[in-house]
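Reader: Hi! I've got a new structure open on my screen. Could you walk me through it?
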Amino acid sequence: MSLFKVNEKCNGCLSCVQNCPASALRYQDRGNQRKILHNMGLCARCGNCWRICPQKAIEFGELLKGQWEEVVNMELVRCIVCGSPLYTAKLKNTISEKVEYKMESLCPEHRKTNLFNIWHRLSPKRESKRVESYDYREA
Ligand code: SF4
Ligand code: SF4
């Protein structure tokens with residue numbers, strides 16, 4: 001849907017076409033019809049057409065607002081421990097497919113903690129030492 005709108009008050013005077021500094025407006029006569037065309041790719045959003053239109057037919061308000069519009073909305077993956085936002089589920093899939101590795105949903109902080117836990121689980125020597133020293137202190 002175009003943000004540049006001309007309403008029913010337009011009488012086809014062509015003032016806007018003649019005064020557009022960016023040549024973003026043109027007209028086309030076909031048979032017994034006159035069309036006015038606007039090209040958003042060329043439009044400089046200067047508002048000149050809107051100011052100059054004697055009929056107040058150009059509805060330029062939406063263009064001048066400069067508001068943010070949502071263009072895409074995707075599922076977000078969060079850290080499974082603290083819930084901080086990480087990346088989109090789609091990006092996760094793309095990377096997992098490329099490197100053939102199942103990515104864990106962990107933020108950098110909890111990734112470190114997780115690696116530390118894995119290291120301790122894989123290291124029985126360290127674990128038994130810790131238990132031994134604990135027994136010693138208890139005695
Ligand atoms: S200046 Fe206004 S009335 Fe004239 S053609 Fe353009 S939009 Fe229509
Ligand atoms: S806003 Fe400016 S550049 Fe865009 S169509 Fe109107 S006069 Fe042309």
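Reader: Over which residues does pLDDT stay under 50?
Author: That would be residues 128-139. This is a predicted model, and for that stretch it has zero contacts beyond four places in sequence.

Reader: Okay, and which helices have the lowest and highest confidence?
Author: Helix 6 (residues 124-138) is lowest, with a mean of 48. Helix 1 (residues 15-18) is highest, at 96.

Reader: What's the average pLDDT for the protein, then?
Author: The average is 83, and 83% of the residues score at least 70.

Reader: Changing topic: which residues are closest to ligand 1?
Author: Cys10, Cys13, Ser15, Cys16 and Cys53 are the closest, out of 13 residues that surround ligand 1.

Reader: How many in that shell are charged, polar or nonpolar?
Author: Nine are nonpolar and four are polar, with no charged residues around ligand 1.

Reader: Nice. Now Glu59: where does Glu59 lie?
Author: Glu59 is in strand 4, which covers residues 58-59.

Reader: And why does Glu59 count as partly exposed?
Author: Because Glu59 has 15 C-beta neighbours inside 10 Å, and the partly exposed class falls between 12 or fewer for exposed and 20 or more for buried.

Reader: What is Glu59 in contact with, leaving aside its neighbours within four places in sequence?
Author: Lys5 and Asn7. Leu3 is also worth a look: Glu59 and Leu3 are 56 residues apart in sequence, yet their C-alpha atoms are 8.4 Å apart in space.

Reader: Last one: how many helices and strands does the protein have?
Author: Six helices and six strands. Along the sequence, the pattern reads β-α-β-β-α-β-α-β-β-α-α-α.

How values were computed
Residues numbered from 1 in each chain as written. Chains lettered and ligands numbered in written order. Predicted model: local features only at pLDDT ≥ 70, side-chain atom pairs only at ≥ 80, totals over all residues. Near = placed C-beta within 6 Å. Nonpolar A, V, L, I, M, F, W, Y, C, P; charged D, E, K, R; others polar. Helix = DSSP H or I, 4+ residues; strand = E, 2+ residues; numbered from the N terminus. Contact = placed C-beta atoms within 7 Å. pLDDT = per-residue confidence, 0-100.
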